[in-house]
Amino acid sequence: MDSTTDEVEPESFVSHLYVKWTNFFKFFDADNDGKWTKKDLRTLADRFIREAGNLLSESGAMHVRRQAQHWLKTQEEELCQVAAGEINPDVFCKTLRQLLGKVSDNTHLFKDLDIFSEIFFEIIDINRDGKISKQELTVFYKAVGIHNQIIVETLFNNLNLLRDSSVSREEFRIAYREYFFGDQRFRNGLIPYLFDREGLLEKQREFFYQDPL
Ligand SMILES: [Ca+2]
Ligand SMILES: [Ca+2]
């Protein structure tokens, strides 16, 4: 344990990160039982494949399932270093906290994170052209219950730093790093909600009540 960590990182900032990490955990805990298992990933992959429908070929669907398994395995081995099977939110957040405490140079930390962002990118990029389109992002969020187009478009615009027609690998990587270790308490936009299902659902409800059809 590094006792100097708290002096380097103000506690309010660390609490802000804990909230985001916990939300990230919940985002992928499909059965809400407080742990990540292969079952969660299988459930989410299947929902994603269902939402993708005709956009995804059979080999594409196999690719998604493989990437989802790979993601969990990589979390276990690279990040949490626990025995295969399940990860709980405490282990997950403590591991990230320790990584944050060790950061004098961010290179190694970001290298680990980039492995995970790459796996996601590969899943979301349904047609595998190396770019995430608005339609592909819509499929990803539909798979977790977010179907409000204003929310998805806002997220897309927040990710799409160059303001062109798609989100590049680099843009996705930047947002992923920001989500995990960035301070967005005082910024506009939805990047702090990138992996916050409850937060996005709440916003979805707000939109619904503000703008009745
Ligand atoms: Ca679970
Ligand atoms: Ca694409």
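## Confidence

The protein chain has a mean pLDDT of 87, and 90% of its residues reach 70 or more; pLDDT is the predictor's confidence in each residue, from 0 to 100. Over residues 1–6 the pLDDT is below 50, and this stretch has four contacts in the model beyond near neighbours in sequence. Two residues are in contact if their C-beta atoms, placed from the backbone, lie within 7 Å.

This is a predicted model, in which local features need pLDDT of at least 70 and side-chain atom pairs count only at pLDDT 80 or more, while totals for chains, interfaces and linings use all residues. Residues are numbered from 1 along each chain as its sequence is written, and chains are lettered from A and ligands numbered from 1 in the order in which they are written.

## Fold

The protein chain contains 10 helices and two strands, arranged along the sequence as α-α-α-α-α-α-β-α-α-β-α-α. Helices (H or I, at least four residues) and strands (E, at least two) are DSSP runs, numbered from the N terminus. Among contacts between residues at least 6 apart in sequence, 62% join residues at least 24 apart.

Of the 213 residues, 27% count as buried. A residue is buried if 20 or more other C-beta atoms lie within 10 Å of its own, exposed if 12 or fewer, and partly exposed in between, with C-beta atoms placed from the backbone.

## Nonpolar core

The largest nonpolar core holds 48 residues, of which Phe-48, Leu-137 and Leu-194 touch the most other members. At least two residues of this core come from each of H2 (11–27), H3 (38–52), H4 (58–80), H5 (89–101), H6 (107–124), H7 (134–142), H8 (149–159) and H9 (169–181). A nonpolar core is a set of buried Ala, Val, Leu, Ile, Met, Phe, Trp, Tyr and Cys residues joined through C-beta atoms within 7 Å. Leaving aside neighbours within four places in sequence, Leu-194 is in contact with Leu-155, Ala-175 and Tyr-179.

## Helix packing

H3 and H4 cross at roughly 150°, and their axes come within 9 Å. These two helices are therefore roughly antiparallel to each other. Lys-38, Leu-41, Leu-44, Ala-45, Phe-48 and Ile-49 of H3 meet residues of H4 including Ala-61, Val-64, Ala-68 and Leu-72. Axes are lines fitted to C-alpha atoms, for helices over the stretch in contact, and angles run from 0 to 180 degrees between N-to-C directions.

H2 and H5 pack at an angle of about 140°, with their axes 10 Å apart, which makes H2 oblique to H5. Tyr-18, Trp-21, Thr-22 and Phe-25 of H2 make the contact with Pro-89, Phe-92, Cys-93 and Leu-96 of H5. Angles under 35 degrees count as roughly parallel, over 145 as roughly antiparallel, 65 to 115 as roughly perpendicular and the rest as oblique.

## Loop residues

Ala-143 lies in the loop between H7 and H8 and is buried, with 22 other C-beta atoms within 10 Å. Ala-143 and Arg-47 are 96 residues apart in sequence, yet 5.2 Å apart in space, C-alpha to C-alpha. Not counting residues up to four places away in sequence, Ala-143 touches Leu-44, Arg-47, Phe-48 and Glu-51.

Most residues other than glycine have a negative phi. Arg-128, in the loop between H6 and strand S1 (131–132), has a positive phi of about 55°. Arg-128 counts as exposed, with 10 C-beta neighbours inside 10 Å. Arg-163, in the loop between H8 and strand S2 (167–168), has a positive phi near 60°. Arg-163 also counts as exposed, with 6 C-beta neighbours inside 10 Å.
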